[in-house]
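Here is a short report on one protein model. Look through the sequence and the structure, then read on.

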Amino acid sequence: MSDYFICPNCDAEVPRKATACPECGSDKNTGWSEDTLYDGLDLPESEEPIQERATPLFYRKYFIGIVSVLTLLAFLLIYFL
């Protein structure tokens, strides 16, 4: 017999004698529900939309494209002059 069982909520290994899942916090009293995952975090409620920012990868693609075009133009000018 194993010393662990699988949490029905998050599939983590839970020791047999544990009173709650160490990963998600589910226990016998809550019925191993997903609601316990964020219990006790005291997160503020926010109605504001999340503003998305451009990532560095987004800028890197443009930078590589511009450098490539400028390099190609430089080679063409040298070749034809």
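The report below goes from the overall fold to single residues.

**Overall layout**

This is a predicted model. The protein has 81 residues, and 12% of them count as buried. Its secondary structure amounts to 1 helix and 2 strands. Read from the N terminus, the order of elements is β-β-α. Strand 1 covers 4–6 and strand 2 covers 13–15. Helix 1 takes in residues 56–80.

**The helix**

How far apart are the end C-alpha atoms of helix 1? They are 36 Å apart.

Helix 1 is hardly covered by the rest of the protein chain. The count of buried residues among its 25 residues is 0.

A nonpolar patch lies on the surface. Its members are Phe-58, Tyr-59, Tyr-62, Ile-66, Val-69, Leu-70, Leu-72, Leu-73, Leu-76, Tyr-79 and Phe-80. Together they have about 1,300 Å² of accessible area. Take Tyr-62, one of the patch residues. Tyr-62 sits in helix 1. Its relative accessibility is 52%, and the cut-off for exposed is over 50%, so Tyr-62 counts as exposed.

**An aromatic pair**

How many aromatic pairs does the structure hold? It holds 1. The partners are Tyr-79 and Phe-80, with ring centres 5.1 Å apart. Their planes stand at 80°, so the pair is edge-to-face. For that label the planes must be over 60 degrees apart. Both residues also belong to the nonpolar patch. Tyr-79 is exposed, at 66% relative accessibility. Phe-80 is exposed too, with a relative accessible area of 62%.

A disulfide is a covalent bond between the sulfur atoms of two cysteines. How many disulfides does a search of the whole structure find? The search finds 0.

Two cysteines show why. The sulfur of Cys-21 has its closest cysteine sulfur in Cys-10, at 3.6 Å.

Cys-24 is buried at 4% relative accessibility.

**Residues in the strands and loops**

Most residues other than glycine have a negative phi. Asp-11 is not a glycine, yet its phi is positive, about 65°. Where does Asp-11 lie? It lies in the loop between strand 1 and strand 2. Asp-11 counts as exposed, at 59% relative accessibility.

Asn-29 is found in the loop between strand 2 and helix 1. Tyr-4 is part of strand 1.

| Residue | Relative accessibility | Class |
|---|---|---|
| Asp-11 | 59% | exposed |
| Asn-29 | 76% | exposed |
| Tyr-4 | 41% | partly exposed |

Two C-alpha distances complete the picture. Asn-29 and Thr-19 are 10 residues apart along the chain, and their C-alpha atoms are separated by 9.4 Å. Tyr-4 and Lys-17 are 13 residues apart in sequence. In space, their C-alpha atoms are 8.6 Å apart.

Key. Residues numbered from 1 in each chain as written. Predicted model: local features only at pLDDT ≥ 70, side-chain atom pairs only at ≥ 80, totals over all residues. Heavy atoms only, no water. Patch = residues over 30% accessible without salt bridge, like charges linked within 9 Å, V, L, I, M, F, W, Y side chains within 5 Å. Areas by Shrake-Rupley, 256 points an atom, 1.4 Å probe, with all protein chains shown as cover. Salt bridge = Lys/Arg side-chain N within 4 Å of Asp/Glu carboxyl O. Helix = DSSP H or I, 4+ residues; strand = E, 2+ residues; numbered from the N terminus. Buried < 20%, exposed > 50% of the residue type's maximum accessible area, 1.4 Å probe, protein only. Expected span 1.5 Å × (residues − 1). Disulfide = S-S within 2.5 Å. Phe/Tyr/Trp six-rings, centres within 6.5 Å; stacked < 30°, edge-to-face > 60°.
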